[in-house]
Amino acid sequence: MTDLAYLTDIEAAYVRSFRARVTALPPGAIVLDQTYFYPTGGGQPNDRGTLQLAGLEPIDVVDVSKSGPSVVHRVRGSPVVLRQMSLGAEVEGTLDWERRYRHMRLHTAQHLLSARIFSRTRLRTRKAQLAGTGASLDLEGALGPEVLALLEEDFAEAERHPRPVRARLIPRAEWDRNPFAERTGLVPLPSHVDPVRVVEIESADICPCGGTHLRSTGEIGRVTLGPPVPTTGGDRITFSLVDPLRPTPTG
Ligand SMILES: [Zn+2]
């Protein structure tokens, strides 16, 4: 079983390196007692980076996935180093931060966009997918082209007047009473989920989510929206980060 350390709170998403112990060694992969590497899921791609045994060259983490209660880090590297990996060994994990921070910016941007679309049009998001420097979201209906300019203005506003973002666990009953629950209602939470991990953009959105997010909407930066593309079931909206290499603010 792996402790999903990146979930703890919003600041845990900013941890770039950590120590952990090896608890299993499936072929070509490593399982740790805790990890800050995000495993693919919920529309957010996995992290990449390295794992290093003290005094040896790092090996690459090329894929990360969930397997039951464990997180499996698929690795590639020197066979000599890989043979040194043993149960109980301590490793230092280091994230490919450029990639991860981009995913955090995209993910918070996606929540904000889904929330603003819902508040302007009552259209809910069926599915969202982050990839590279952009993201797509599938809506349950058609979005009028006149709404796009308003949504771009919403992003500019979120940068001019940053809103704090928080991640926390709330009791299921509290979630079910939440006024924001309607916008995510197309993807019902399984009834056994209690407590619910929610990501909250102050005064704008609360959404059940196990992803990694920014601490403020001010870190999203400028975003460009593509024209709505009709698909079966509703429009697909794409957006991308204008400055994908924006550095992480300190503090
Ligand atoms: Zn999410």
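Of the contacts in the protein chain with a separation of 6 or more, 68% join residues 24 or more positions apart; a contact means heavy atoms within 4.5 Å. This is a predicted model, in which local features need pLDDT of at least 70, side-chain atom pairs count only at pLDDT 80 or more, and totals for chains, interfaces and linings use all residues. Residues are numbered from 1 along each chain as its sequence is written, and side-chain values use heavy atoms, without hydrogens and water.

The protein chain holds four helices and 16 strands. These are DSSP runs, numbered from the N terminus: helices are H or I with at least four residues, strands E with at least two. The C-alpha trace spans about 60 × 40 × 40 Å along its principal axes. Buried residues make up 48% of the 251 residues. Buried means under 20% relative accessible area, exposed over 50%, and partly exposed in between, with a 1.4 Å probe and protein chains only.

Now the metal site. The protein donors of the zinc ion are His107 (NE2), His111 (NE2) and Cys209 (SG), at 2.1 to 2.3 Å from it. Along the chain, the donors follow the spacing H-x3-H-x97-C. His107 sits in helix α2 (residues 97–121), while Cys209 lies 102 residues away, in the loop between β13 (205–208) and β14 (223–225). Donors are N, O and S atoms within 2.8 Å of the metal (3.2 Å for Na, K and Ca); water is not among the atoms, so sites may look incomplete.
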